[in-house]
Amino acid sequence: MFLGIREMLHSKTKYLLIISVLMLITWLVVILSGLANGLAEGNRLAVDQWQAEGVIVSKEANRNLNVSTIKDDTTYQKKNSEPINQMSVSIQKAASASNKRTNVSFFGIQKNSSLLPKITAGRKIEKDNEIIASADLKEVGYRLGDQIKAGTYSKKLTIVGWTVKSTYNIVPVIYTNLETVRELKYGGDAAKEDTINAFIVSKKEKDTIPQSKKNEVEYLPIESFIQSLPGYSAQNLTLDTMIYFMLLIAAFISAIFIYVMTLQKTAMFGILKVQGVPTSFLVKSVMSQTLILALVGVSLGLILSSATIIFLPKSLPFANNIGEIALNCGLLIVVAALGGLASIGTIRKIKPLKAIGG
Amino acid sequence: MERVLALKGVCKIFGTGHTKVIALEEVDFSIQSGEFVAIVGPSGSGKSTFLSIVAGLQNPTSGEVIIGQQKISAMTDREKNKMRFEKIGFILQSSNLIPFLKVKDQLRLIEKVNSSKKDKQLKKTLLKELDIEKLVEQYPQDLSGGEKQRVAIACSMYHNPQIILADEPTASLDTKRAFEVVKILAREAKEQNKAIIMVTHDDRLLGFCDRIMKIEDGFMEETTKKG
Ligand SMILES: Nc1ncnc2c1ncn2[C@@H]1O[C@H](COP(=O)(O)OP(=O)(O)OP(=O)(O)O)[C@@H](O)[C@H]1O
Ligand SMILES: [Mg+2]
C-alpha cells in the first residue's frame with residue numbers, strides 16, 4: 001500500500017490517464033447496460049404487466065403473437081386464460097392537419113380483463129372504438145377525448161382513458177376490445193368471426209389446451225414467449241456482447257498498463273530485492289495500486305454516468321437496473337485487478353543481482 | 001568484537017571452456033563487528049562479485065560463506081532474503097533511493113516491510129549524525145550527490161544490520177564529499193559497532209579504513225596501509 005500510494009501521488013499524470021480510461025469504460029458499460037435494459041423493457045413491459053404464466057399460440061405462428069390465429073370455440077375452458085388480439089399499426093390525430101404518425105401496438109381484450117394495466121385516468125371501455133392508451137402517448141401530444149385514426153381503418157377511435165406506461169415491441173400499447181382489433185385487422189370479414197391471436201394463461205392446468213386442439217396450438221411459458229419476441233434476443237445478445245467486450249478491454253488495458261509500469265520500475269524493484277525486501281511486499285504494492293486504480297476509475301465512471309443519465313433524451317429507451325450496474329462495476333473492478341496479476345511473474349523474475357555491479 | 005562474516009576457500013567461476021572467467025579464486029576473508037575494511041582492485045578483478053556472494057545474491061562455485069553462525073549455502077532463497085533484510089545493509093554506487101519517496105518515507109519503507117524495525121530513537125540518531133534532519137521532506141531528485149549518499153547510509157543502517165556492504169559509495173561524489181561520506185562510514189563502524197566492507201577505486205580514502213584487501217584477477221590479499 002505504502003509504496004504503491006506514494007508512487008501514484010508522485011506520478012499523478014500517468015495514473016490519472018489510466019484512471020480516466022477505466023472511467024470511460026465504466027461510463028460506456030453503464031450506459032450500454034441501461035440501453036439494453038431500456039430496450040428489453042420496451043419490448044416486454046406489456047407482457048410483464050399481464051402477470052401471466054404462459055401464452056397459447058397457434059403452432060404455425062412460430063411463437064409469433066402477431067401471426068398466430070386461433071378459432072375461439074367452446075372447447076377452450078378459459079378458466080385461467082383469456083383471449084387477446086394484437087395488431088401493430090400507426091395512428092394519427094383525426095382532427096390534426098399534420099400527418100404526424102405514431103407507431104403503436106393494439107391489444108384487444110375482454111371486458112373487465114385482468115390483462116389491462118392500472119388505469120390512471122379516464123374510464124373503462126364501454127363500447128367498440130373506444131381505447132385506453134399507454135401514458136407514453138401523452139408525451140407525443142395525445143389528450144383524453146382525442147379522436148384518432150389507425151392505419152386504413154375508416155372509423156375514428158376515441159381515447160377514453162390512460163393506463164400506466166405500457167409498451168410492446170418498443171412502441172406504446174393501446175388497449176381496446178377484441179372486436180375493434182379484429183375489425184382493424186380483417187375489416188368486416190365474417191369468416192374471421194371468433195378469430196383471436198392467442199390466449200394468455202394466468203395459471204396452467206392439465207386441460208388448458210383441450211385434447212382436440214393439441215396439434216393446432218401450443219403452450220409457451222411466458223419467458224420463452226418473451227425470448228421469442230421479434231428482435232428481443234438478438235438485441236440483448238448484441239448489447240450484452242458489447243458489454244462483455246468492454247470488460248475484456250478493461251482487463252487488457254489494465255494488464256498492459258501495469259506491465260509497462262512494472263518494466264519501468266525493474267531497476268527499483270531490483271534494488272529493493274537486494275535489500276531483502278520480499279517479493280510478496282512488491283507484489284502487494286502493485287496489486288493494491290491496481291485495485292485502487294480500478295476502484296477510483298469505476299467510481300468516477302459511475303459519477304459520470306449518473307450525470308449523463310440526467311441529460312439523456314426521453315425518447316431514448318433507457319432503464320437503470322441497480323443490481324446489474326453493481327454487477328458490471330464489480331466485474332470491471334475484478335477484471336482490472338486481474339490485469340494487474342499478469343505482472344506478478346515479471347516482478348518475481350526481477351534479479352536483485354543486476355542492482356549490484358558498479 | 002565478534003566475527004560476523006567469514007569466507008572460506010570461496011571460488012566463483014563464470015562460463016566454461018574458452019569463455020571461462022575465474023572471478024574469485026580461493027578467497028579467505030573474515031571481518032569483525034566495528035571493523036571498516038576496504039576492497040580495492042582493478043576493474044573486472046572480482047570486487048562486485050565478492051560483495052554479491054557475501055550478500056547471498058549469487059552462490060559461490062565452491063567454498064563456504066558464513067554469516068554469524070549460519071552457512072549461506074544451507075539457506076533457501078526466502079531465508080537468504082530474510083537474512084539480507086535482517087543482517088545486511090547496502091549502499092550502492094548510484095544511491096539506492098526510491099525516486100518517489102521523500103527522505104522520511106525512505107526510512108519509513110523499512111518499517112512498512114517489517115514493523116518490528118520501527119525505532120524512533122535510532123531514526124532520530126541517524127538523521128542527526130548524518131546531518132540530514134533538514135532534508136526529511138525532500139525527494140531524492142532535490143538532493144546533492146553527497147546528501148543522497150548520506151540518506152542512503154541512513155537507510156542502510158536503519159534496520160540495524162550487522163554488516164554494511166558499500167559498492168563504490170563515493171563514485172558519484174567530488175573529493176570533498178567523498179571524504180565526508182567515508183569519514184561517516186568509519187565513524188558509524190565504531191559508534192554503531194558495524195562491520196563495513198567498502199569497495200573503492202579511490203586510494204585517498206583508504207586512510208579511514210582499518211584494513212585494505214586487494215583483489216587482482218580473483219586473488220585476494222591484505223595490503224599494507226598507505227597513509
Ligand atoms: N554474470 C556473469 N557472467 C559472466 N562473467 C561475469 C559475470 N559477472 C561478472 N563476470 C566477470 O567476472 C569478473 C569480475 O567482475 P566484477 O563485476 O566482480 O568486477 P569488479 O571488480 O566489480 O569490476 P569494476 O571495478 O569494473 O566494477 C569480470 O571479468 C566479469 O566480466
Ligand atoms: Mg564492480
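Visitor: Why is the crossing where α3(B) passes α5(B) called right-handed?

Guide: The rule looks at how the near helix is turned from the far one: by less than a right angle anticlockwise it is left-handed, clockwise it is right-handed. α3(B) passes α5(B) in the right-handed way. Before we go on: this is a predicted model, where local features need pLDDT of at least 70, side-chain atom pairs count only at pLDDT 80 or more, and totals for chains, interfaces and linings use all residues. Residues are numbered from 1 along each chain as its sequence is written, chains are lettered from A and ligands numbered from 1 in the order written, and side-chain values use heavy atoms, without hydrogens or water.

Visitor: What makes α3(B) and α5(B) helices, and how are they set against each other?

Guide: Helices are DSSP runs of H or I with at least four residues, strands are E runs of at least two, and both are numbered from the N terminus. α3 covers residues 103-113 and α5 covers 145-158 of chain B; they pack at about 20°, axes 10 Å apart. Axes here are lines fitted to C-alpha atoms, for helices over the stretch in contact, and angles run from 0 to 180 degrees between N-to-C directions. Angles under 35 degrees count as roughly parallel, over 145 as roughly antiparallel, 65 to 115 as roughly perpendicular and the rest as oblique. So α3(B) and α5(B) are roughly parallel.

Visitor: How do you know which residues make the contact between α3(B) and α5(B)?

Guide: Contact means heavy atoms within 4.5 Å. B:V103, B:Q106, B:L107, B:I110 and B:E111 of α3(B) meet B:V151, B:A154, B:C155 and B:Y158 of α5(B). By class that is seven nonpolar, one polar and one charged. For the classes, Ala, Val, Leu, Ile, Met, Phe, Trp, Tyr, Cys and Pro are nonpolar, Asp, Glu, Lys and Arg are charged, and the others, Gly among them, are polar.

Visitor: What makes α1(B) a mostly covered helix?

Guide: Eight of the eight residues in α1 of chain B (47-54) are buried. Those are B:K47, B:S48, B:T49, B:F50, B:L51, B:S52, B:I53 and B:V54. B:G56, with a positive phi near 75°, follows α1(B).

Visitor: Over in chain A, why are α6(A) and α9(A) classed as they are by angle?

Guide: α6 (232-264) and α9 (322-341) pack at about 30°, with axes 7 Å apart. That angle is under the parallel limit, so α6(A) and α9(A) are roughly parallel. Their crossing is right-handed. On the α6(A) side A:I243, A:L247, A:A250, A:A251, A:S254, A:A255 and A:I258 take part, and on the α9(A) side A:N328, A:L331, A:L332, A:V335, A:A336, A:G339 and A:G340. The contact has 10 nonpolar, four polar and no charged residues.

Visitor: How do you know whether A:N328 is buried or exposed?

Guide: A:N328 sits in α9 of chain A, and its relative accessible area is 7%, so A:N328 is buried. Residues up to four places away in sequence aside, A:N328 touches A:V29, A:S33, A:I243 and A:L247. Also in α9 is A:A336, buried at 2%. With neighbours within four places left out, A:A336 is in contact with A:S254, A:T290 and A:A294.

Visitor: What makes the phi of A:Q51 worth a look?

Guide: Most residues other than glycine have a negative phi. A:Q51 has a positive one, near 50°. A:Q51 is in the loop between α2 (12-50) and β1 (54-58) of chain A, and at 69% A:Q51 is exposed. A:I170 also has a positive phi, near 65°. A:I170 lies in the loop between β9 (167-168) and β10 (171-177) of chain A, and with 34% A:I170 falls in between, so it is partly exposed.

Note on methods. Buried < 20%, exposed > 50% of the residue type's maximum accessible area, 1.4 Å probe, protein only.
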